[in-house]
Amino acid sequence: MKLQHNLGGLEGLDPINVEKQVFVEPWEKRIFGIHTAMMALSNHLNTSIPKYEIAKVPTQFKSFWTWGHLRQGAEAMHPFEYFRLRYYEKWLGGISGFFVEEGYITQEELDTRTAEFLEDSTKAAAPLPKGGKAGIDTQVEKYLREGDSPLRPAPAPPKFKVGDRIKVKNVHPGAHSRLPGQLRDKEAVVVRVYEGAFTYFFPTEDGIGTPMPVYSLLFQPQDIWPESLTEPKSVYYNDIFEVYLEAA
């Protein structure tokens, strides 16, 4: 896992950004809207829960896009670029790169348009295009109401139960991971076994992507960080997919 996704307890960083305004710049709303529409029009929704008749939606977007793809794009960034850019700038980079990779636009078209905005900033405030097809709006609104649940029937009984002491595996994260880096090789106690099983958007190199149990684990902070960084009587919880765990 790259540095920017393994910050738990790392000292010497800048103060945490406590910005309470969701969208600081107007363009950030557009990026959020584009990402939401991409999720609502993703081609995997014909097999999701609930199922959508996505093949009948009159959209030119025919790709697979989820929160996982957005995070994978951020994790692929150079750490220096990751720390330099604002939150929605990371989104913009991941989304625009995806459109190039999928062939919706070319890198030349993207670079040309970017240069135009840099030359004349007033173009960035241009009104959104008019028109569009009602079927697309209907699908996006339905997705916002009903979503895409990861909950699935359990394929097998959970390996662990409440009270069990487990150890987090030291797995190689590959291109994308849902395991916090600071928890690898650390021990914890199972405090909850969530009902059912949970899948992930797509298979990853470190083992998630098929339905499996998820556990709420209790860690002792001093086992993860030096005592100087923890407060007395404090505890740390994290929800972890079963594939990341083994008996202690």
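**Helix packing.** I began with α1 and α4, which pack at an angle of about 45° with their axes 10 Å apart. For the axes I used lines fitted to C-alpha atoms, for helices over the stretch in contact, with angles running from 0 to 180 degrees between N-to-C directions. α1 and α4 are therefore oblique to each other; under 35 degrees would count as roughly parallel, over 145 as roughly antiparallel, 65 to 115 as roughly perpendicular, and the rest is oblique. I also noted the hand: α1 passes α4 in a left-handed crossing, meaning that the near helix is turned anticlockwise from the far one by less than a right angle, while clockwise would be right-handed.

**Ground rules.** This is a predicted model, so I kept to pLDDT of at least 70 for local features and 80 or more for side-chain atom pairs, with all residues used in totals for chains, interfaces and linings. Residues are numbered from 1 along each chain as its sequence is written, and side-chain values use heavy atoms, with hydrogens and water left out.

**Overall layout.** I found seven helices and seven strands, taking helices (H or I, at least four residues) and strands (E, at least two) as DSSP runs numbered from the N terminus. Along the sequence the pattern reads α-α-α-α-α-α-β-β-β-β-β-α-β-β. The C-alpha trace spans about 55 × 45 × 30 Å along its principal axes.

**Largest pocket.** How much space lies in the largest pocket? I noted about 1,900 Å³, a volume being the space filled by probe spheres set on grid points that are joined across faces, edges and corners. A pocket here is an open set of points on a 1 Å grid over the protein atoms alone, where a 1.4 Å probe fits, with protein on both sides within 12 Å along at least five of seven lines; lining residues have an atom within 4 Å of a point. The lining has 42 residues, and Arg30, Ile31, Ile34, Leu92 and Phe117 lie nearest the centre. Two or more residues each come from α1 (26–40), α4 (87–101), α5 (107–119) and α6 (134–146), and α1 gives the most, with eight. I sorted the lining into 24 nonpolar, eleven polar and seven charged residues (Ala, Val, Leu, Ile, Met, Phe, Trp, Tyr, Cys and Pro are nonpolar, Asp, Glu, Lys and Arg charged, the others, Gly among them, polar).

**Second largest pocket.** This one has a volume of about 780 Å³. Its 18 lining residues include Pro15, Ile16, Asn17, Leu85 and Lys90, which lie nearest its centre. The largest share, three residues, comes from α4.

**Sheet.** In which order do the strands of the open sheet of five run? I read β6-β5-β3-β2-β7, with antiparallel pairing (two strands pair if DSSP finds at least two bridges between them). The edge strands are β6 (236–241) and β7 (245–247), each pairing on one side only. Three bridges join β2 (residues 165–168) to β7, and Lys167 has Glu246 in β7 as its bridge partner.

Most residues other than glycine have a negative phi, and most peptide bonds are trans. I noted a cis peptide bond between Ile49 and Pro50, with omega about 0°; Pro50 lies in the loop between α1 and α2 (67–75). I also noted Asp185, whose phi is positive, near 70°, in the loop between β2 and β3 (187–193).
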